[in-house]
Amino acid sequence: MNITIIGTGNMARGIASRFVSGGHDLTLVGRNPETTGALVKDLEQLRAGTKVTTQTLGETIQDEVVVLAVPYGAGLELAQSLGGQLDGKIVVDMANALNSTFSGLVTEPGTSAAETLAAALPRGAKVVKAFNTIFAGTLPAGNVAGQPLDVFIAGDDESANEVVAGLAKDGGLNPVKVGGLVRARELEAMLMLGIAAQQPLGYGFNSAWRLVGPA
Ligand SMILES: NC(=O)c1ccc[n+]([C@@H]2O[C@H](COP(=O)([O-])OP(=O)(O)OC[C@H]3O[C@@H](n4cnc5c(N)ncnc54)[C@H](OP(=O)(O)O)[C@@H]3O)[C@@H](O)[C@H]2O)c1
């Protein structure tokens, strides 16, 4: 599958590396040609035969899956500027609406960044919350201490959730579907809790959430 990723920062790099490892091709949409070019080069070296194309914001998006790897506010801006283009597509949202000191979320109680994004997009856009509980630095390896990363997935369109779960699995990750988009509220809070635990545990953002089942 060819997947479009908007953004070329830390999360874009990490998720792109998982998708490429899983045998997928990419279209990267970046604002800075140098950063984008460097990322393309690194990704193409990751797996022989990988096809990574680039395009600029505003060009027609061809792919069925569009990953927003941009800050929360930028995602809302893109919903306005690209809205019509995202109608009918699977839109993967990983945003955590952190405040300026990373000590809390700016999202109002009783909603989530993902639900706010969905409300700003055309009704046909299938928003899937995924990857937001994972620290960017753990994605290139795809595991922590030998344990594949859990990718918690929430969305109202089950077939879209399944597509995202398949992409995570292809990339060596462990998809965990947790229900409708309303569950993004807890997933975003989970990330906040994960951040709060880093300093006391001294994990340096190299840890991961893992849901362990019975033997
Ligand atoms: N970092 C983490 O560990 C982590 C973990 C879970 C979730 N997240 C979420 O993942 C998302 C990306 O985070 P990140 O750490 O990858 O951030 P980042 O490294 O700062 O990268 C952000 C990317 O978004 C682009 N961007 C910013 N504003 C934009 C706009 N208005 N229009 C288009 N592109 C724009 C930036 O482009 P320029 O380079 O041109 O500025 C950059 O490519 C955020 O929503 C964050 O909450 C991050």
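Predicted model: local features only at pLDDT ≥ 70, side-chain atom pairs only at ≥ 80, totals over all residues.
Residues are numbered from 1 along each chain as its sequence is written, and side-chain values use heavy atoms, with hydrogens and water left out.

**View 1. An open sheet of eight strands with mixed pairing.** The strands follow the order β3-β2-β1-β4-β5-β6-β9-β10, where strands (E, at least two residues) and helices (H or I, at least four residues) are DSSP runs numbered from the N terminus, and two strands pair if DSSP finds at least two bridges between them. The edges are formed by β3 (52–55) and β10 (174–179), each of which pairs on one side only. Neighbouring strands of this sheet are turned by 25° against each other on average, direction ignored; axes here are lines fitted to C-alpha atoms, for helices over the stretch in contact, and angles run from 0 to 180 degrees between N-to-C directions.

**View 2. The pairing of β1 with β4, and the helices packed on the sheet.** Strand β1 (residues 2–6) and strand β4 (residues 65–68) pair in the parallel sense over three bridges, and I5 has V67 of β4 as its bridge partner. Helix α1 (residues 10–21) packs on the sheet and touches β1, β2 (25–29) and β4, contact meaning heavy atoms within 4.5 Å; the direction of α1 makes about 175° with that of β1. Helix α6 (residues 184–201) also packs on the sheet, touching β5 (90–93), β6 (126–129), β9 (150–155) and β10, and its direction makes about 150° with that of β9.

**View 3. The crossing of α1 and α2.** The axes of α1 and helix α2 (residues 33–46) come within 9 Å and cross at roughly 30°. The two helices α1 and α2 are therefore roughly parallel to each other, a description used for angles under 35 degrees, whereas those over 145 count as roughly antiparallel, 65 to 115 as roughly perpendicular and the rest as oblique. The contact is made by R13, A16, S17, V20 and S21 of α1 together with A38, L39, D42, L43 and L46 of α2.

**View 4. The parallel pair β9 and β10.** These strands, β9 and β10, pair over five bridges, and A154 has G179 of β10 as its bridge partner. Between β9 and β10 the chain passes through helix α5 (residues 158–170), and this β-α-β crossover is right-handed, meaning that, with the strands pointing away from the viewer, the path from the first strand over the helix to the second runs clockwise.

**View 5. The parallel pair β2 and β3.** Four bridges join β2 and β3, with L28 standing opposite T54 in β3. The chain crosses from β2 through α2 to β3, and this β-α-β crossover is right-handed.

**View 6. The crossing of α3 and α4.** The axes of helix α3 (residues 72–86) and helix α4 (residues 113–120) come within 9 Å and cross at roughly 15°, which makes α3 roughly parallel to α4. Their contact involves Y72, G75, L76, A79 and Q80 of α3, and A113, T116, L117 and A120 of α4.
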